[in-house]
Amino acid sequence: FAWRRAMAGGATTIDGAWIPGHVATHRSVADTARLDRAAELREVVSLHLAAGETDEACSAHELLVALDASLCLCEREQILIGRAHYEAGRTPQAATAFERFLAVYRGSTEAPAVALLLGVIYARDLQRNELADAVLTSALDRLTDTARREQCLHWLRHVRAALGRPTAEE
């Protein structure tokens, strides 16, 4: 009976599975193809990361970002991709991966450490001191580890000196 009601409400079937009408009518063929491709690329990234093939994982991740920059991997994989890009010297891609992590997982326990790393990348590698100041300032408030707080303060002093601003104090 529920199936008949769903079908009467505009649902459809795809490969034997029924799709509610509000879902079936709001997604174009192009959107469905894009989502399918994104799922495939996420799987490729996961498989390559699991195999330790970081260059291949990064390549697949770049295709995913090109498909839709708003997409994100799971927390662990997003961090691994950011680190892999960074270790390979692809700092703009690393920054993008870490930015996406912070946008999606801002409440994560890893977010302060990722923000610190992103701030260092902005300051040291990309010379984007305004962004570095904002990210590092935000990270400093959330870092609890003494060594990381000291590292954050070091980079804040560096960035603020470059910007001609008062230096950060503990």
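Is Asn129 buried or exposed? With a relative accessibility of 18%, Asn129 counts as buried; here buried means under 20% relative accessible area, exposed means over 50%, and partly exposed is in between, using a 1.4 Å probe and protein chains only.

**Ground rules**

This is a predicted model, so local features need pLDDT of at least 70 and side-chain atom pairs count only at pLDDT 80 or more, while totals for chains, interfaces and linings use all residues. Residues are numbered from 1 along each chain as its sequence is written, and side-chain values use heavy atoms, with hydrogens and water left out.

**The whole protein**

The protein has 9 helices and 2 strands. If you walk along the sequence, the pattern is α-β-β-α-α-α-α-α-α-α-α.

The protein has 170 residues, and 34% of them count as buried.

| Helix | Residues | Length | Span | Expected span |
|---|---|---|---|---|
| H4 | 54-67 | 14 residues | 20 Å | 20 Å |
| H9 | 146-163 | 18 residues | 25 Å | 26 Å |

Start with H4. Its buried residues are Ala57, Cys58, Ala60, His61 and Leu64. They sit on the same side of H4, because they cover an arc of only 165 degrees around the axis; that arc is taken from the directions from the helix axis to the C-beta atoms. What do the buried residues of H4 pack against? They pack against three helices: H3 (29-50), H5 (75-87) and H6 (91-104).

Leu63 also lies in H4, but this one is partly exposed, with a relative accessible area of 46%. Not counting residues up to four places away in sequence, Leu63 touches Arg37 and Leu41. Between the C-alpha atoms of Leu63 and Arg42, which are 21 residues apart along the chain, the separation is 9.8 Å.

Now for H9. Cys152, Leu153, Trp155, Leu156, Val159 and Arg160 are its buried residues, and their cover includes H7 and H8. At the start of H9, a side-chain oxygen of Asp145 comes within 3.3 Å of the backbone nitrogen of Ala147. Just past the other end, Gly164 has a positive phi of about 75 degrees.

Asn129 belongs to helix H8. The C-alpha atoms of Asn129 and Val159 are separated by 5.6 Å, even though the two residues are 30 apart along the chain. Leaving out neighbours within four places in sequence, Asn129 is in contact with Ala123, Val159, Ala162 and Leu163.

Over in helix H6 you'll find Thr91, which is buried, with a relative accessible area of 13%. With neighbours within four places set aside, its contacts are Tyr86, Ile121, Asp125 and Leu126.

Most residues other than glycine have a negative phi. Gln127 is not a glycine, yet has a positive phi of about 50 degrees. Where does Gln127 lie? Look in the loop between helix H7 (111-125) and helix H8 (129-142). Gln127 is exposed there, with a relative accessible area of 55%.

**What about disulfides?**

A disulfide is a covalent bond between the sulfur atoms of two cysteines. Counting one as a pair of cysteine sulfur atoms within 2.5 Å, the total is 0 disulfides. Take Cys72: its closest cysteine sulfur is in Cys74, 8.5 Å away, and that is too far for a bond. Cys72 counts as buried at 12% relative accessibility, whereas Cys74 is partly exposed, with a relative accessible area of 38%.

Key
Helix = DSSP H or I, 4+ residues; strand = E, 2+ residues; numbered from the N terminus. Expected span 1.5 Å × (residues − 1). Contact = heavy atoms within 4.5 Å. Polar contact = N/O pair within 3.5 Å; in protein donor to acceptor, adjacent residues only side chain to side chain.
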